[in-house]
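This note is meant to accompany a first reading of the structure. Please keep the sequence and the view of the chain at hand while going through the points.

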Amino acid sequence: PVKVPLTFTHLLTKININLSVAEGTNDIATDSLKKAVVSIVNTKPTVEFDPKSPRLGEVKGEASPVVAGTGPVTSVIVVPQDIPAGQGLIQVQLGRDKFLFSPSALLQLKSGEEHTYNIQLNKPGIVVTSTITKWTKIGAVDGDALLQREEETQTEP
């Protein structure tokens, strides 16, 4: 067998969201976070990709909400792009209440980056702290790929 090393690079952006209830908030029960619906809003969904190039093309499409998940810990992968200051990025719906996080400065979601947002829900608003890290590269994996043969079927005339 021939061993062929494959190297993969993350070209998209990962966003992790961790929800909690702000200290001193009596209006939101911590248990209710299990039902929180977390969405990424105002991001464009499409990008051109040439497998021969390690770069992405222009971001396209209409910005629309993407549900990241339900519960206090969620993650989502998005197309790298700039989010203008004051434009909503993360929406949390908890029952009838909707909370929206908007970056206070231009946010650049770059290829290969992992952003983590720790969001404390608090009526009437939210408190957010965040970190940005590069995705961790994992060492090479060696393995064999075996040729799969389909059984030939004969049809009678």
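This is a predicted model: local features need pLDDT of at least 70, side-chain atom pairs count only at pLDDT 80 or more; totals for chains, interfaces and linings use all residues.

1. A residue is called buried when its relative accessible area is under 20%, exposed when that area is over 50%, and partly exposed in between. By this definition, 30% of the 157 residues of the protein chain count as buried.

2. The secondary structure should be noted next. The protein chain contains twelve strands and zero helices. Read from the N terminus, its elements accordingly follow the order β-β-β-β-β-β-β-β-β-β-β-β.

3. Two overall values concern contacts and surface. Where contacts in the protein chain link residues at least 6 apart in sequence, 62% of them join residues at least 24 apart.

4. Four strands form an open sheet in the order β5-β2-β8-β9, and their pairing is antiparallel. At the edges lie β5, residues 64–70, and β9, residues 97–101, each of which pairs on one side only. On average, neighbouring strands of this sheet are turned by 25° against each other, with direction ignored. As background, the strands of a sheet pair through backbone hydrogen bonds, and the pairing may be parallel or antiparallel.

5. Within this sheet, how many bridges join strand β2 to β5? Strand β2, which covers residues 37–43, is joined to β5 by five bridges, and the two run antiparallel.

6. Is T43 buried or exposed? The relative accessible area of T43 is 3%, so this residue counts as buried under the 20% cut-off. Leaving aside residues up to four places away in sequence, T43 touches E62, A63, S64, Q81, I83 and L89.

7. N42 likewise has its place in strand β2. Its relative accessible area is 32%; N42 is therefore partly exposed, as this value lies between 20% and 50%. Most residues other than glycine have a negative phi. N42, although not a glycine, has a positive phi of about 65°.

8. For a second look at the model, residues N42 and T43 may be viewed together. N42 is partly exposed, whereas T43 is buried.

Methods:
Residues are numbered from 1 along each chain as its sequence is written. Side-chain values use heavy atoms; hydrogens and water are left out. Two strands pair if DSSP finds at least two bridges between them. Axes are lines fitted to C-alpha atoms, for helices over the stretch in contact, and angles run from 0 to 180 degrees between N-to-C directions. Buried means under 20% relative accessible area, exposed over 50%, partly exposed in between (1.4 Å probe, protein chains only). Contact means heavy atoms within 4.5 Å.
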